[in-house]
Amino acid sequence: METLSKIRRPNIISPIVTKMARLSPLKDGQYHPASGATSLAIRHGSVNLIPINKENTEFILIDAGMDKHARKIRRHLGKLGLDLSAVKRVYITHSHPDHIRGLQALKNVPVYMSEHESRVLRGELPYEGFFPKLFDKFTKHQRANTYASINPVIISHGYKETVGNVNMHAMDMPGHTSGSTGYLVGKNDGSKAFDLFPGDGMDIDRHGNARNAAPPFTADTKISDQSITDTAEHIARLQRANEVDIVHSVLPSHSGSGDYSSVYNYRRAA
Ligand SMILES: [Zn+2]
């Protein structure tokens, strides 16, 4: 996995979004820093690739990215002597195009997502958020065809599973879209240490504070704000139930990463 740390790719969209949203981005292919739970996870755009076996030859994806050919995912895996068959599952946070289009290259891989977002994926429900909504009428029928062969496994709030050597917890994080889902992912090594992958359910600003993600893409910022608080409370419950010990990092799709205290403090400030 050593080579992964050297991978750097230019990204055209990210600096623009970053400037708009005043965020400090994690660069493509960069390791998630300071993450005890998923230290080998890498990201490109909205995609997070997480190894699920000791040999680092099998992976899950959190989101599938914008590129319908999944070229960056292929390239990263190629550097490890692997191909897309190394991807065993895809967990979708929500059905915006920059999170789902890569599914077209991952046709036989099981897809996990919320019921609501599965209906958006199939074009039964419209895209949510001001900008995504503008494109909905052009892509709705296309989505119905493009993703017709995908039969997602529907997951809901409280879903938990061990996949290879990682533990997963899913939680509702509505606001950015109605069916947005956040994922806690941690190694199944007895440590009960996790990282939080909220998708666009929140961002971390340049001061390290949690806040709702880029408003022009977010359906309801008030609900999104409430979601951050609710997420902290849900995680506190998991901690009381001894399911979770510590959450190291928060790794939103489009901003820099942050310490989990950003979410905890958000709850206390609310
Ligand atoms: Zn989104």
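**Strand pairing and buried residues in the predicted model**

Strand S4 (residues 87–91) is mostly covered, with four of its five residues buried. A residue counts as buried if 20 or more other C-beta atoms, placed from the backbone, lie within 10 Å of its own; 12 or fewer make it exposed, and values in between partly exposed. Strands (E, at least two residues) and helices (H or I, at least four) are DSSP runs, numbered from the N terminus. The model is predicted: local features need pLDDT of at least 70 and side-chain atom pairs count only at pLDDT 80 or more, whereas totals for chains, interfaces and linings use all residues. Residues are numbered from 1 along each chain as its sequence is written.

S4 pairs in the parallel sense with strand S3 (residues 59–62) over four bridges, and Ile62 stands opposite Tyr91 of S4. Two strands are taken as paired if DSSP finds at least two bridges between them. Together with helix H2 (residues 71–79), S3 and S4 form a right-handed β-α-β unit; right-handed denotes a clockwise path from the first strand over the helix to the second, with the strands pointing away from the viewer. S4 also pairs with strand S5 (residues 111–113), again in the parallel sense, over two bridges. In this pairing Val90 stands opposite Val111 of S5.

Val90 and Leu61 touch the most other members of the largest nonpolar core, which has 52 residues. Such a core is a set of buried Ala, Val, Leu, Ile, Met, Phe, Trp, Tyr and Cys residues joined through C-beta atoms within 7 Å. With residues up to four places away in sequence left out, Val90 touches Leu61, Ala64, Leu103, Leu106, Val109, Val111 and Tyr112. Contact requires C-beta atoms, placed from the backbone, to lie within 7 Å.

An open sheet of six strands has mixed pairing and the order S7-S8-S9-S10-S13-S14. Its edges are strand S7 (160–163) and strand S14 (258–259); each has a single partner strand, so one side of each is left without a neighbour in the sheet. Within the order, strand S10 (residues 193–197) and strand S13 (residues 246–250) run parallel and are joined by three bridges. Ala193 stands opposite Ile246 in S13.

Arg143 lies in helix H6 (residues 136–146). Arg143 is classed as buried because 21 other C-beta atoms lie within 10 Å. Beyond its neighbours within four places in sequence, Arg143 is in contact with Leu121, Arg122 and Gly123. The C-alpha atoms of Arg143 and Arg101 are 9.5 Å apart, with the two residues 42 apart in sequence.

Note on methods: Contact = placed C-beta atoms within 7 Å.
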